[in-house]
Amino acid sequence: MKRRSFLKSACTMTLAAPAIFTGVSAAPAQTTKSPRLDITWLGGATMLIECGDLTLLTDPAFGEGKQAFRMGDPNKMFDLAKGPDVVPHERLTPFRGVDLSRVDQVVLSHLHEDHFDQKAESAIAPDMPFLVPSHDRERLAAKGFTQVQVADWMKPHVITRGDVTLTLTALPAEHSENPEIAALLGPGNGYWLEIRQGDWTKSVYWTGDTFPTPNVLDALEGFGSPDVFIPHLGGVGTSGPLGQISMGAGHAAIFVDRLRPGKVLPVHHSTYALYLEPVTSLPAALAGKTQGLELVSEGTCASYA
């Protein structure tokens, strides 16, 4: 069975969707000249990351209700030789909306359907620029997207908009602590972002679906402590044959011990029934490790000056 397609939907749903979603999710307008990084969590692993004239959209997933997206269910028992049945997955929260006309670049951690769902696929214009793991380039291009760039591990990718320069470096993301399961699910990306506006800088480490494995921790050597650490949580898979395939609070605590970030902004929790571990487990796991935990509701913009 092909890697990455292990959990994928058997077919692409055709969903009527406008090219632009609008809602209350936008960051407040940057009316002053003081540099500021705005991160708006839109549920799941979907975020708007904004600074000055630059806007990134991460892992877009726009579906709502009981059939938000279709994918194999890693929380249910199934025959590993055959793969899981493809089923609808429920979104527990409303999608707050995003204005796609503002987006300069979509950045994908990987192409599982809870990170790029069928509704987002229908809504995003085929000429939208994408930055993706090398493992997913061909599949995304096959969907009709024409501006797909590969983000190889440890190779910086620079984006400039106005006076803002983003240096984005892809890092390994390992979907399981079991190497065989990680290989079955396919490699993904985390990303280290260095954002510069004049003499002002901010750094962000967005983990993607990973664990603090030796490979991942080794790759982080030399990057220092990020201003903002964005872990994917949810404890997905603990009741299924793959075992746990997204971090729990204890794994995030290992990263925090290692990285000593200024702020911790968890995502990939609460949005879908797919997520098994509540985010309320995180404060206890991080007790005594950081004063910078920020638990925000979907649609909330966290700002960093």
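**Cavities and salt bridges in the predicted model**

The structure described here is a predicted model.

A search of the whole structure identifies two cavities of 30 Å³ or more. The largest cavity holds about 70 Å³ of space, and among the 14 residues that line it, Asp114, His175, Asp209, Val236 and Ile245 are the closest to its centre. The lining of the largest cavity is made up of six nonpolar, six polar and two charged residues.

Because glutamate 50 belongs to strand E2 whereas arginine 102 lies in the loop between strand E5 (86-89) and strand E6 (105-107), the pair ties together parts that are 52 residues apart in sequence. Glutamate 50 has a relative accessibility of 7% and therefore counts as buried, while arginine 102, with a relative accessible area of 29%, is partly exposed.

In total, twelve salt bridges are counted. One of them joins glutamate 90 to lysine 66, with the closest N and O atoms 3.6 Å apart; this pair links distant parts of the chain, since glutamate 90 is in the loop between E5 and E6 and lysine 66 is in the loop between E3 and strand E4 (69-72), 24 residues apart. Glutamate 90 is partly exposed at 29% relative accessibility, and lysine 66 is exposed, with a relative accessible area of 61%. A further salt bridge connects glutamate 113 with arginine 139, the closest N and O atoms being 3.0 Å apart. Glutamate 113 is buried, with a relative accessible area of 4%.

Glutamate 174 is located in the loop between strand E10 (164-173) and helix H3 (179-185), and its side chain makes a polar contact of 2.9 Å with the side chain of asparagine 215. When residues up to four places away in sequence are not counted, glutamate 174 touches Asp209, Thr210, Phe211, Thr213, Asn215 and Val216.

Note on methods: Residues numbered from 1 in each chain as written. Predicted model: local features only at pLDDT ≥ 70, side-chain atom pairs only at ≥ 80, totals over all residues. Heavy atoms only, no water. Helix = DSSP H or I, 4+ residues; strand = E, 2+ residues; numbered from the N terminus. Polar contact = N/O pair within 3.5 Å; in protein donor to acceptor, adjacent residues only side chain to side chain. Contact = heavy atoms within 4.5 Å. 1 Å grid on protein atoms, 1.4 Å probe; cavity = no way out; pocket = protein on both sides within 12 Å on 5 of 7 lines; lining within 4 Å. Points joined across faces, edges and corners; volume = space filled by probe spheres on them. Nonpolar A, V, L, I, M, F, W, Y, C, P; charged D, E, K, R; others polar. Salt bridge = Lys/Arg side-chain N within 4 Å of Asp/Glu carboxyl O. Buried < 20%, exposed > 50% of the residue type's maximum accessible area, 1.4 Å probe, protein only.
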